[in-house]
Amino acid sequence: MNEGGLFVYNVILGIVIVLSVVLIFTIMMQPSKQNSAASAFSGGADQLFGKQKARGFEAVMQRATAVLGAIWMILLFVLSFLSSK
């Protein structure tokens, strides 16, 4: 890998590390959906197949987590491609 490629690799690696920490925080900030002990045993399947849509803060956090996760995966594929050269 030449000097320019190494710089790009290191920049993307830094972004992935920061994005990983931000992704952890967005996952932890999502509101809990379990309301009772019974939902712990059912695995929350009633809410998974329910017709309730997320609103407000919950919807924003779900979208943010999905977008950050997708960006994180794309950057990891780019890193693996750059490291193979």
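**Close-up views of the predicted model**

Figure 1. Ala54 touches Ala59 and Gln62, not counting residues up to four places away in sequence; contact means heavy atoms within 4.5 Å. This is a predicted model, in which local features need pLDDT of at least 70 and side-chain atom pairs count only at pLDDT 80 or more, while totals for chains, interfaces and linings use all residues. Residues are numbered from 1 along each chain as its sequence is written, and side-chain values use heavy atoms, with hydrogens and water left out. Ala54 itself is placed in the loop between helix H3 (45-48) and H4; helices (H or I, at least four residues) and strands (E, at least two) are DSSP runs, numbered from the N terminus. Ala54 counts as partly exposed because its relative accessible area is 28%, where buried means under 20%, exposed over 50%, and partly exposed in between (1.4 Å probe, protein chains only).

**Figure 2. The protein chain as a whole, for orientation.** The protein chain contains 4 helices and 0 strands, and its elements follow the order α-α-α-α from the N terminus on. Of its 85 residues, 19% count as buried. The chain exposes about 6,700 Å², of which carbon and sulfur atoms supply 69%; accessible areas come from the Shrake-Rupley method with a 1.4 Å probe, and for residues only the protein chains shown count as cover. Among contacts between residues at least 6 apart in sequence, 89% join residues at least 24 apart.

**Figure 3. The two spans annotated as transmembrane.** An unreviewed UniProt entry carries the annotation "transmembrane region" for residues 6-27 and 60-82; such annotations may be inferred rather than shown by experiment, with feature names shortened and positions given in the numbering used here. In the model, residues 6-27 are 100% helix and 0% strand, and their end C-alpha atoms lie 31 Å apart. Residues 60-82 are likewise 100% helix and 0% strand, with a distance of 33 Å between the end C-alpha atoms.

Figure 4. The largest nonpolar core has 8 residues in all: Ile12, Val16, Leu19, Leu23, Leu68, Leu75, Leu79 and Leu82. H1 and H4 each supply at least two residues of this core. Such a core is a set of buried Ala, Val, Leu, Ile, Met, Phe, Trp, Tyr and Cys residues joined through side-chain atoms within 4.5 Å. Leaving aside residues up to four places away in sequence, Leu79 is in contact with Tyr9, Ile12, Leu13 and Val16.

**Figure 5. Thr26 and Thr65 between H1 and H4.** Thr26 belongs to helix H1, whereas Thr65 belongs to helix H4 (residues 57-83). Thr26 is classed as buried because its relative accessible area is 10%. Thr65 has 17% relative accessibility and therefore also counts as buried. Beyond its neighbours within four places in sequence, Thr26 contacts Met61, Thr65 and Leu68. With the sequence neighbours of Thr65 set aside in the same way, Thr65 contacts Leu23, Thr26, Ile27 and Gln30.

Figure 6. Ile24 lies in helix H1 (residues 3-28). The relative accessibility of Ile24 is 49%, so this residue counts as partly exposed. The C-alpha atoms of Ile24 and Thr65 are 9.0 Å apart in space, although 41 residues separate the pair in sequence.

**Figure 7. The nonpolar surface patch around Val8.** Phe7, Val8, Val11 and Ile15 form a nonpolar patch on the surface, together contributing about 350 Å² of accessible area. Patches are made of residues with over 30% relative accessible area and no salt bridge, like charges being joined within 9 Å and nonpolar side chains (Val, Leu, Ile, Met, Phe, Trp, Tyr) within 5 Å; a salt bridge is a side-chain nitrogen of Lys or Arg within 4 Å of a carboxyl oxygen of Asp or Glu. Val8 is located in helix H1, and its relative accessible area of 38% makes Val8 partly exposed.

Figure 8. Ser32 sits in the loop between H1 and helix H2 (37-42). Because its relative accessibility is 62%, Ser32 counts as exposed. A C-alpha distance of 9.6 Å separates Ser32 from Glu58, a residue 26 positions apart from Ser32 along the chain.
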